[in-house]
Amino acid sequence: MLNPVTPFPIDADREFDDLADAILNAFGEVALWKPQDGSEPVQLRAYVRRSIAREDTFGRATVSAKVSAVVAAADVQGILQGDLLETKGVEYEIGEPAPDGSAFVRLLLREPGR
């Protein structure tokens, strides 16, 4: 049985950074990370997931849209909540970055001001 607390051996092995790049090159899209500290924007690839959920509660329908992105940890060292990520002409504010213990970081995104 796998131990969910201990990362897979490949997770800490720099040789497998190429695997993260290959996954993002195949499934990701071009994105631009804009740090809030005024640093130069960084172009990277991100797997952006847009989902819409419909919930019926006591006869009231609520529709919510969620956007998240997975990026290579090596590409976003120093990324912070409040930085911006632009993809397909839409700019999103980054929520708290969540490293997954491997070569990726998951970002919860929202449109600024929402």
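Student: How many helices and strands does the protein chain have?

Tutor: This is a predicted model. Its protein chain has 1 helix and 7 strands. Read from the N terminus, the order is α-β-β-β-β-β-β-β.

Student: What share of the 114 residues counts as buried?

Tutor: The figure is 26%. The chain exposes about 8,100 Å², and carbon and sulfur atoms supply 54% of that area. Now take contacts between residues at least 6 apart in sequence: 44% of them join residues at least 24 apart.

Student: Which strands pair with S1, and in what sense?

Tutor: Strand S2, residues 42-57, is joined to S1 by 5 bridges and runs antiparallel to it. Leu32 has Gln43 as its bridge partner in S2. Strand S4, residues 84-87, also pairs with S1 in the antiparallel sense, over 4 bridges. There, Trp33 stands opposite Leu85.

Student: What is Leu109 in contact with, leaving aside its neighbours within four places in sequence?

Tutor: The list is Val67, Ser68, Ala69, Leu85, Tyr92, Glu93 and Ile94.

Student: Next, charges. How many salt bridges are there?

Tutor: The count comes to 5. Start with Arg50 and Glu29, whose closest N and O atoms are 3.4 Å apart. Arg50 sits in strand S2 and Glu29 in strand S1, 21 residues apart, so this pair links distant parts of the chain. Glu29, Arg50 and Lys88 are linked in a network of salt bridges.

Student: Are Arg50 and Glu29 buried or partly exposed?

Tutor: Arg50 counts as partly exposed, at 40% relative accessibility. Glu29 is buried, with a relative accessible area of 14%.

Student: Which side chains meet Lys34 in a salt bridge?

Tutor: Glu86 is one, at 2.6 Å from N to O. Glu86 lies in strand S4 and Lys34 in strand S1, so this pair ties together parts 52 residues apart in sequence. Glu91 also meets Lys34, at 2.7 Å from N to O. Glu91 lies in strand S5, so the Glu91 and Lys34 pair ties together parts 57 residues apart in sequence.

Student: What are the relative accessible areas of Lys34, Glu86 and Glu91?

Tutor: Lys34 has 22% and is partly exposed. Glu86, at 27%, is partly exposed. Glu91, at 30%, is partly exposed too.

Student: Last, the surface. Which residues make the nonpolar patch?

Tutor: Leu19, Ile23, Phe27 and Tyr47 make a nonpolar surface patch of about 400 Å². Helix H1, residues 17-27, gives the largest share, 3 residues.

Methods
Residues are numbered from 1 along each chain as its sequence is written. This is a predicted model: local features need pLDDT of at least 70, side-chain atom pairs count only at pLDDT 80 or more; totals for chains, interfaces and linings use all residues. Side-chain values use heavy atoms; hydrogens and water are left out. Patches are made of residues with over 30% relative accessible area and no salt bridge: like charges are joined within 9 Å, nonpolar side chains (Val, Leu, Ile, Met, Phe, Trp, Tyr) within 5 Å. Accessible areas come from the Shrake-Rupley method with a 1.4 Å probe; for residues, only the protein chains shown count as cover. A salt bridge is a side-chain nitrogen of Lys or Arg within 4 Å of a carboxyl oxygen of Asp or Glu. Helices (H or I, at least four residues) and strands (E, at least two) are DSSP runs, numbered from the N terminus. Two strands pair if DSSP finds at least two bridges between them. Buried means under 20% relative accessible area, exposed over 50%, partly exposed in between (1.4 Å probe, protein chains only). Contact means heavy atoms within 4.5 Å.
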